[in-house]
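Let's take a friendly walk through this model, from its sheet out to a few backbone details. Have the sequence and the coordinates open as you read.

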Amino acid sequence: MKATAIAPTNIAFIKYWGKKDEKLRLPENGSVSMNLSNLITTTTVEFSENFPKDTVTIDGKQDLSEEKRVIQHLDRIRDLAKLKYKAKVVSQNNFPKSTGLSSSASGFAALTVAATKTAGLNLSEKELSILARQGSGSACRSIPSGFVEWLDGETSETSYAVSIFPPSYWEIADIVAIVADEKKEVSSTEGQKIASSSPFFKARLSRIKEKIKLIKKLIKEKNFPQFGELIESEALELHAIMLTSKPPLIYWLPGTVKIMRLVKKWRADGLPVYFTVNTGQDVHLICQKKDTEVLQNKLKKIKEVKKVIINFSAEGARISKNHLF
Ligand code: PMV
């Protein structure tokens, strides 16, 4: 028996950075995100007594560094389902992985949904989110649909994501400007471990609950200018923590900074657009649907921009009939 799932990545408006429990991936703070319609992972999983070992193929290659983490996740699912069989996992991203586009979020969400289904587990959205979180923190936000809040929680059972608004609630877009295709030097898993070494980390945490309350209010009211100001300052705050960690993490490239400055200029010229950046160099431009075309054309003229991907708010992880093998 095999099952296939597709899952979107998500972009966090209020970010997850730092863990209070490394093993369970319990975050220091809650976060709020939107699923992305055009950054998708498809994963097919089969368990069989005929497989001598687990095999993991991602984007056509056997990736040993990822394999370990995937097998650990399969073990969680085998434990729950009391299953002994080994698995074949084939996964395909429609975008470059490990560059900061959150392939681990879509990847572990798709893996969780496909593997639990084929293992015969019938889990609720909450249970799937809890399980996905243990594979990769932000993956828990790719399970529910649309605009999503990850409730930080003190225990594994209370740390999961819920949909706060459906995808159709607000027509905003995330235009991703890809600045480089290279793998980032430090993964977010490694970066998260040193978050608390920044002298500013405690100050960040002391204000984060207020920020989450505010972002939810601004999404509810569809107040684009204030929402944009808040997500932009949040992204800069995240990078202030990264830059002041020990050792410092510098994810930006010259193209990243160029686009951030242009966004400010375009805004001053009357175009409502804001940026956010995760672990990596690519810039997410957040705008209203009506402005996507004009922004796409502007981005295509910048020599550092290798590719532009337009996303709207999307459904969460779901089962698909299109198996990869
Ligand atoms: O889930 P991870 O370990 O890939 O961490 C995600 C970290 C950020 O993208 C920077 C923030 C976020 O909330 O997505």
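Helices (H or I, at least four residues) and strands (E, at least two) are DSSP runs, numbered from the N terminus. The model is predicted, so local features need pLDDT of at least 70 and side-chain atom pairs count only at pLDDT 80 or more, while totals for chains, interfaces and linings use all residues. Residues are numbered from 1 along each chain as its sequence is written, and side-chain values use heavy atoms, leaving out hydrogens and water.

Start with the open sheet, where four antiparallel strands follow the order β11-β12-β10-β13; two strands pair if DSSP finds at least two bridges between them. At the edges are β11 (273-276) and β13 (307-312), each pairing on one side only. From one strand to the next, the twist averages 25°; axes here are lines fitted to C-alpha atoms, for helices over the stretch in contact, and angles run from 0 to 180 degrees between N-to-C directions. Inside the sheet, β10 (residues 172-178) is joined to β12 (residues 283-288) by six bridges, and aspartate 174 sits opposite isoleucine 286 of β12.

Helix α7 (residues 254-268) lies across β10, β11 and β12, at about 155° to β11.

Finally, look at lysine 82, in the loop between α1 (64-81) and β7 (86-93). Lysine 82 has a positive phi of about 50° although it is not a glycine.

Technical notes
Contact = heavy atoms within 4.5 Å.
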